[in-house]
Amino acid sequence: MLQSGEGCPDLKQGLVCSAIPTERAKVSSVQDLFEFISSGPLIDKMGFSKEKIGDSIDKWIAYNSYLCRLFQLNELYLTIPQKVRFFHYYIPVFLWCEDQISQHVSKFKDGEDIPPLVIGFSAPQGCGKTTLAFALDYLFRVTGRKSATISIDDFYLTAEGQFRGNAGSHDLQLSVETLTAISKLTKEGTKMKLPRYDKSAYNGRGDRADPSTWPEIEGPLTVVLYEGWMLGFKPLPVEVVKAVDPQLETVNKNLEAYFDAWDKFIKAWIVIKIKDPSCVYEWRLQAEIAMREAGNPGMSDEEVKDFVSRYLPAYHAYLPTLYSEGPNGSDPEHTLIIEIDDGRNPI
């Protein structure tokens, strides 16, 4: 089990914990906790009955204990915002992922190699998808699953060849090779290294990390959590994107290659939905401030504004279709759409 952020560099930097309040609140009884869990906004969406929650209450309490350990919180003194984050968000999503894994495994016969289930997390920058993925990855590992996390950032072209941002700035060949290799991690002893991106390089502009620092994973792998701000975006009619921003015409053309490079590998989807893309600026600014306060290089406020402005046209163009039709190639039976508020909690 991870202690004090061991094995999670972002946790040590304070980025993962930055949205979790630390003030204390009184401990609740199990009955109060049951009622609190049952009132969560995702309960009905996931088909959790009160009976099902009651029968599994011990698991909810155990998962909460694990999360408290990960985020270095006292489980007896959680604030309401902390309880909301864990019991209304992270744990329900973890249970949904567990159910998706069970459905995935059931498709294979005894003795067959079972490739890991790749779960895609499509969510705007700064909304907490990386923290969510870290929390889920931790829960998988402490409950005996072999899991791995990867981001679309890990497939950016190197600093010499890319302008970090929209479709066209990624090494699609690397992503195909990586995701294909991941699908073959079905046996003991099979290993590979996962590419990683260093967001702090070049004063926060970022660059691909040195391959010698890439983490090694070993099979048999059960689940891969794959997150990114533009996962599942579908190419749109040219006139639609040009009406938003003429410069998107090139981006839209580049996007045609992304299904085969990314989306076709994803068999279950979590889409985090926001009401207004403009909140991305505030969220991104919070993350950069946390990075700077932790003593790591980060973008200035003006650089953050410039950086986010590159993405806003794509959000305005592609998010409506993502929310109405789902990610490119997705199955509604294996897609969970979670709308969040300005505090990054489900509503």
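**Entry: S169.** I looked up S169 in this predicted model and found a relative accessibility of 4%. Because the cut-off for buried is under 20%, I recorded S169 as buried. I then located S169 in the loop that runs between β2 (147–151) and α7 (172–183). I also followed the side chain of S169, which reaches the backbone oxygen of N166 at 2.7 Å.

**Entry: the largest nonpolar core.** I next turned to the largest nonpolar core, which holds 102 residues. Which of its residues touch the most other members? I noted V93, Y226, W262 and I270. I recorded α5 as the element that gives the most to this core, with 11 residues.

**Entry: Y226.** I listed the contacts of Y226, leaving out residues up to four places away in sequence. Among them I found V118, I119, G120 and F121, as well as I150, S151 and I152. The list for Y226 also includes F155, L179, L231, W262 and I266.

**Entry: the second largest pocket.** I looked up the second largest pocket and noted about 300 Å³ of space. I counted 14 lining residues, of which F48, K52, L95, W96 and D99 are the closest to the pocket's centre. By type, I divided the lining into 7 nonpolar, 2 polar and 5 charged residues.

Which element supplies the largest share of this lining? I found that α5 does, with 4 residues. I also recorded that α3 (50–55), α4 (57–70), α5 (80–105) and β9 (335–339) each supply at least two residues of the lining.

Methods. Residues numbered from 1 in each chain as written. Predicted model: local features only at pLDDT ≥ 70, side-chain atom pairs only at ≥ 80, totals over all residues. Heavy atoms only, no water. 1 Å grid on protein atoms, 1.4 Å probe; cavity = no way out; pocket = protein on both sides within 12 Å on 5 of 7 lines; lining within 4 Å. Points joined across faces, edges and corners; volume = space filled by probe spheres on them. Nonpolar A, V, L, I, M, F, W, Y, C, P; charged D, E, K, R; others polar. Core = buried A, V, L, I, M, F, W, Y, C linked by side-chain atoms within 4.5 Å. Buried < 20%, exposed > 50% of the residue type's maximum accessible area, 1.4 Å probe, protein only. Contact = heavy atoms within 4.5 Å. Polar contact = N/O pair within 3.5 Å; in protein donor to acceptor, adjacent residues only side chain to side chain.
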